[in-house]
Amino acid sequence: MSGQVHETRILLRHAEDPALATIEGYRSYGGYETFQKALKSMEPDEIVEVLEESGLRGRGGAGFSMGKKVSFLPRGDQDKYVCCNADESEPGAFKDRELMQRNPHQLIEGIAIASYAAGAGHAFIFIRGEYDRQADILDRAVEEAYEAGFLGEDILGSGYSLDLVVHRGAGAYICGEETALLDALEGKRGNPRLKPPFPAVQGLYGGPTLINNVETLSNVSHIVANGAEWFRSFGTEQSPGTKVVSISGGVRRPGNYEVELGISLRDLIFGLAGGPLDGHDVKAFYPGGSSSPVLTPAELDLPYSFEAMAEAGSMLGSGSIIVADDSVSIPHMALRTARFYHHESCGKCTPCREGTNWTVKMLERVVRGEATPMELDIITSVQQNIIGHCLCVLGDSMAMPVSAMVAKFRDEFEQVIAEAALARIPTTNGDHGGNGGNGIDGGTGTSDLNLTDLLERERLQGRPIPVSEQESPDAG
Amino acid sequence: MPAEKLNRIILTVDGREIEADEGTMLVDAARLGDVEIPVFCYEPKLGDPVGACRMCLVEIEGIPKLQTACSTPVRDGMVVHTQTAQVKEAQEAVVEFLLVNHPLDCPVCDKGGECPLQDISMGWGPDRNRMVDQKRHFEKPVPLSPLVAIDRERCILCYRCVRFSQEVSEDSQLQLLERGDSTYVGTFDDRPYIAPFQGNITELCPVGALTSYTYRFQARPWDIEQGGSVCTLCPSQCNVSFTVRDEQVKRVLARDNPEVDDGWLCDKGRYGFQAMYSADRVLNPVRFEDGQPVPAGWGEAVELAADGLLRAGSKTAVLVGEASNEEGYLLQRMIRRALGSSDIDSRRGPGFGAADALALADPAISARVVDIDHADLVLVVGTDPIHSAPSFDLRIRKAVRRHGTALAVATDRPTALDGGASEVERFDPGTASAWLSSIADEVAAGSGDGIAGLVNRSGHTVIVWGERIGRGDDGPAALAALARLAEAAGIAAEQESGLIGIPETANGRGLREVGCLPDAGPGFTPLDPGRDTDAIRAGLESGEIESIVLFGIDPIRDLPDTEGWRRALEAADHVVCFSMEANASTEFADVLFPLESHAEKDATVTHPEGRLQRVRPSAARPGDIRPGWMVLAELSALLGHETGIGSAPDALAAVADAVPFYEGLDDAVIGGRGVRWQDRPAATRLGDPTPDPLTPDSGNEETVTSTPPNPSTGEPGGPLSSTQPAGFDSEEGPTVGRDGSGSAPGGVVPPEDVEPEPSSTTTGALTLGTYRDLWADATTDLSPALRFLSPAQRLEISSADARRLELKTGDEVSVSSGSHFVNARVAIRTALPEGTCFLIEGTISDNANLFSNGRPAAVEIGPPRIELDLVTAGGATPDSGEAGDTSEGGE
């Protein structure tokens, strides 16, 4: 089966040609023709209409209709802005990097068309500081575009002017959140803003602002060139188009694959990425970056689309699949995930700041064997207390996968707790068994107590083990 | 459209129908229906909500996710639930999260008992703790500044202090450092937070993270009382609440009065209470035997004072500095009716007269403080509010930041507001009139450029002007030009346009209105002019005045011509001082009476906007201090004029009777928030003469008769303002039109000052301006917490002049004019125009008031000159070819 799965390349078309990164190469494949056509023969509103009809959904995570976003921008004379979110920082996501590296002009053309449609005179690409090479490539490409007259004053005699600035971030995941990105661009501490007002109404420097992901904007020229119908011929009804999917983790051929939305997860993970390494099985996977609730092999045959992932209780997010094979300890993966979000929390709102911190501390105790199964209920409850209560989605981004992991792999959590605890219990000689304290890999130690004995012993010691723990809500 | 603004809507919160203005934030609207939604970060005074703490999550029908009530504007028909299981869960979650890292050290925390976190935990939090992990730790408490301690463990990161620093005081010093749960409040590079409003953050802090060093471990909330009063340390007259324990003030809090102070206090108002308990405070009457102070009984002291004053009779003068309306009224009544003298002044330097003051008091051209908030344009002329009336600085910043008000600044010295101004213009010290009249002309001509253009384009215009521009020879012309500008700008026609004058003393406006002017009695009733401040000094020196009463003023420090005042007080036969503290002038006293502080006084003061406010006794008077009105009434009686005033309300009633436009004012009318006299019917009586007789009781009580001719000016009573002795010199140093005629009244020029120093004529002569620094006063000096702010003399100099003179910031120099000099450190200010420099008045040493005497150098070359002599080793020399005259050791 794996051999038959093919990519559908629109954004990554000609990506193998290194010349594509130059303006000559890009133009040799017809680049910038759409922008010229748009400037000459299309009204901004027409473009907005095409984008809306195409059903293009944001590729950065939220999946909001791109055309609608543009249409929210007020008409009129005020200063408007377009920001391209190239702060791709989600663990597991590396598609924008490839899009910018291989085809920077596709992005620039998309930004130019979107800016023209939105009536914006200033555009920014906010690229994460670690994408140094890609930022250099963009800098060069922007320069080329200026030289060729596709950016700057009175573009191609149309009377439309656009300035595009590549801005390098300083290394905070939170700046990928659109309003934090705006604050960072303005030179402030990158903290999310309260919404409303939404950026479309009051964004960068207080002006209406369109913010879209690299991949979303890269789609623009293709849609405007070929029409909404053409775009809708790819993908599903609610998720039209193709998607560049980053697949990583325990697979044979990790990498970016551009596919039509709606392709099955199995085709993606097994067909394109080659499935798990020899001797391993898929145990779980994040379908949409580290902030999406994990799915299990039972869900492998679901179509990969915004709607199907939402129905399965997860999300397509940025379209980054991270596969955990059976060598991965889920509690450790949960801790790893929580640590990332704890580290990246900006600290502005209470539930995220304190919730990520507390969750990490609890999960650390879980893997050290210092927790009790009751702690798993507290972990779950804390995640519930975070979800929906935060200023932005960063808190939810930890809480959702962590609570999914606890729900779906509760047995494994309990086992890790028990085994790590066992390793800490003194043997008959009074020695500490196993690797004690930080027993990440949970060596089983030298105790001869089995798990049942251990649970019983905990109970006798008076450490509370709630009833629910025994009939664990096993989802896996 | 105002109609839209006031759209009333009905919403439902927890089943209660609540009527509110559309757009009100839900938290505030709910309160109207007695529904309390808990908040930590929400504080409308700090600007737009930030929604950071998430404490105010509520359920709004039709919106699936919980919403923050602090940031949700209400709409008609909105249905809100604050008590559902979902909301409860969220509230408990947020409190639980806040307590994850908050130490439970409430028993030893100063906030304990008045702590929003305690209250909200109690009211909305979960009843058990599930957190068993380590909390975060910081070194604590550490000084955030010399005034404020920070306990970062207690901080719940509500952002309030940081928002205050960034969006209210705009000093931007407080920042959040690090991120996530490692976030902490601090300053760049751990530098101390030095800003004049920092104390406000201790009040904003909803936990015990920010505490004032002055109040740490001083009291528990259950053994204190709060007493509302008004701060009279500057003309802002912010409303305050004194925290009193054991009859002593322990803390000063803001008493939010949006019409006066917006609920902010400057640090002088907040921490200056310490001066009340300073060892230098005068606690009982003192008489002097051979120059040595001897405690005296009240009866003895009053008799002693009366004897001396009676001896001098009409050769008595009164200077009033910091005083209430009642005290000022009684002083002028005493000197006029008991002694037959009109030599009384409350201005630091004469200049404009009572007629000018009366013209500018016209309600049609008076602005209210709140008019600043929504003005199209605020024009600041001749004052830097951060020094003269700090809360105006915040008010103007607010208007600019939140309401898009345009700001224009026209001053001699660069101000703290320049950064936010659309237009900044500079005039040379002492030349405000030239600038004002040219602007008035431009505005009248419909100019579209610069400040005139701004005025012409703006509807509501508020002009905040410093009364200093009325000082000196330039003063009357400046005020006339100001009135012309107001007319050209059509200010009288606009309801919300107007002028606000910032006096030089806290109750300057009130003192003028109750008659502490040489040429006017209560209510600006015109009188033949007596001596003004300068003429009184000259009269003392020449012996034409034999006795002086100094009430709340230290002329040697506060007034121009330090040396002159020293000689004047030396020469005086009898000096009666009323002062809170011993100072340079009280050394010359024959009798010294203690004064009450604003925490002890029962009196009224008048705000620059015309608002009568009550200063109310909150703490006990220490030692043997008596109310000012009582002492003055007694003294007056001994001098032969029985006032019949036997209580504080009597005194206020007498003031209200004497000042026609104060008619009918009493404690109840003034109330807790004060009342503008312009807003009362009696305002129409502005200009009516006082019913008070203004001559000695034995004289003709029906008509206002001349005071004895003024020998020192030689001028008979004539037109009121223009005959003011034009003598104030020159620290405002005019650079144009000076012809040497401006020497001190009476021509008293100390001989040693007449001759300019020969070598100094060309060595970098600059025009010297001076200003009174916020911290250059006795309150700062006597408050241990504030003392570090007491300024040492510094010479502000333009970068061009500094380059020319090869000076750099921090260099020590001596600044001299004639034979006088002060030492100062150089501070280069790029915003200063070339050729001008500034010194501070009222510093403990090297007071710039030293220069403002007979203006010796000016006589010869016009503007007062200074020469800069480097005294630092390795210092530079002027480049004008006279390198030889600045030796390394200095002179």
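How much area do domain 2 of chain A and domain 3 of chain A bury between them, and what percentage of it is on carbon and sulfur atoms? In this predicted model, the two domains bury about 980 Å² between them, with 67% of that area on carbon and sulfur atoms. On the side of domain 2 of chain A, the residues that lose the most area to domain 3 of chain A are K283(A), Y286(A) and V294(A), which together account for 44% of what that side buries.

The domain assignment of chain A lists four ranges, given in the table.

| Domain of chain A | Residues |
|---|---|
| domain 1 | 18-231 |
| domain 2 | 237-325 |
| domain 3 | 330-414 |
| domain 4 | 425-469 |

Between the C-alpha centres of domain 2 of chain A and domain 3 of chain A the distance is 23 Å. Contact involves 13 residues of domain 2 of chain A and 12 residues of domain 3 of chain A.

Polar interactions also occur across this interface: 5 residue pairs are in polar contact, both residues of each pair being at pLDDT 80 or more. Strand β7 (residues 282-286) of chain A supplies 3 residues, the largest share of the side of domain 2 of chain A that touches domain 3 of chain A. By class, the residues of that side are 7 nonpolar, 4 polar and 2 charged.

The salt bridges between domain 2 of chain A and domain 3 of chain A number 2. K283(A), named above for the area it loses to domain 3 of chain A, forms a salt bridge through its side chain with that of E412(A), at 3.0 Å from N to O.

Technical notes. Residues are numbered from 1 along each chain as its sequence is written. Chains are lettered from A and ligands numbered from 1 in the order in which they are written. This is a predicted model: local features need pLDDT of at least 70, side-chain atom pairs count only at pLDDT 80 or more; totals for chains, interfaces and linings use all residues. Side-chain values use heavy atoms; hydrogens and water are left out. Domain bounds come from an automatic or database domain assignment. Contact means heavy atoms within 4.5 Å. Buried area is the accessible area (1.4 Å probe) that two parts lose on being put together, summed over both. A salt bridge is a side-chain nitrogen of Lys or Arg within 4 Å of a carboxyl oxygen of Asp or Glu. A polar contact is a pair of N or O atoms within 3.5 Å; within protein, one must be able to donate a hydrogen and the other to accept it, and residues adjacent in sequence count only if both atoms are side-chain atoms. Helices (H or I, at least four residues) and strands (E, at least two) are DSSP runs, numbered from the N terminus. Ala, Val, Leu, Ile, Met, Phe, Trp, Tyr, Cys and Pro count as nonpolar, Asp, Glu, Lys and Arg as charged, and the others, Gly among them, as polar.
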